[in-house]
Amino acid sequence: MTLFNECVFEFLGTFVLILLGDGVVACTSLAKSKGKGGGWIVVTMAWGFAVMCGVFLAGPYTGAHLNPAVSLGLAAAGQFAWSKVAAYCVAQVLGGILGAVCVYLFYKDHFDCTEDADAKLGCFCTIPAIRNKWRNFFCEAVATWLLVFVILALSTKPETPAIGMGSLGAFPVTMLIMAIGMSLGGATGYAINPARDLGPRIAHAILPIKDKRDSDWNYSWVPVLGPVVGGLVAALTFIILF
């Protein structure tokens, strides 16, 4: 399979991840949605299932990174070719943008009748519960460290080569994402994925959303650099221990 074909599957997998992941936030947050008020458990479960569907789609072809922090972490640990990292990351961000655009088109009537601009922004990207950027950065780094380190640690088994989240099997990955969200997601909304946050944030900035607020670019570096650092520290931990 060519690098282009691999990137197509990373794009499609991330698109499905964001379509379902941002979709559940819209479903539980926007006015007049039948799912409004569904709560954090619904959101975290749906994000887990969203990752599972992305893994089903991309896993057989790329290992389903679906996340620049995973691609970087695997490369730093010697489990993935550095020459592919940039292309994978671009594909993932583009998939995130398209997924968010589709969520907007799907829920446009509800975006139009929702007055809370923060709720609209929250359908696209993370907003911390308490804004303390360096603490938020730490939270994102720790949560992503856990994600990438578990992926790398489980990859030491012969039956699970370290090629991405797909190497673990879709169901263990689903449980891992749910556990991180339920336990560590309350502070920042647990982006743990630069493409998951940056791609939809770009979509929010360019879409003609009625009465929208700014896209909170002053905070945007946190859910990008935090996961990147977490993924690289996970690789270092893996190298030291294994």
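Is Asp-197 buried or exposed? At 0% relative accessibility, Asp-197 counts as buried (buried: under 20% relative accessible area; exposed: over 50%; partly exposed: in between; 1.4 Å probe, protein chains only). The model is predicted, with local features needing pLDDT of at least 70 and side-chain atom pairs pLDDT 80 or more, while totals for chains, interfaces and linings use all residues. Residues are numbered from 1 along each chain as its sequence is written, and side-chain values use heavy atoms, without hydrogens and water.

**View A. Salt bridge between Asp-197 and Arg-201.** The closest N and O atoms are 2.5 Å apart (salt bridge: a side-chain nitrogen of Lys or Arg within 4 Å of a carboxyl oxygen of Asp or Glu). Both residues lie in helix α9, four residues apart, about one turn of the helix (helices: DSSP runs of H or I, at least four residues, numbered from the N terminus). Arg-201 is also buried, at 0% relative accessibility.

**View B. Salt bridge between Glu-6 and Lys-84.** Here the closest N and O atoms are 3.2 Å apart. The pair links distant parts of the chain, with Glu-6 in helix α1 (residues 3-29) and Lys-84 in helix α4 (residues 82-106), 78 residues apart. Glu-6 is buried at 8% relative accessibility, whereas Lys-84 is partly exposed at 25%.

**View C. Salt bridge between Asp-118 and Arg-213.** The closest N and O atoms are 2.8 Å apart. Asp-118 lies in helix α6 (residues 117-122) and Arg-213 in the loop between α9 and α10, so the pair ties together parts 95 residues apart in sequence. Asp-118, Arg-213 and Asp-214 are linked in a network of salt bridges.

Methods: Helix = DSSP H or I, 4+ residues; strand = E, 2+ residues; numbered from the N terminus.
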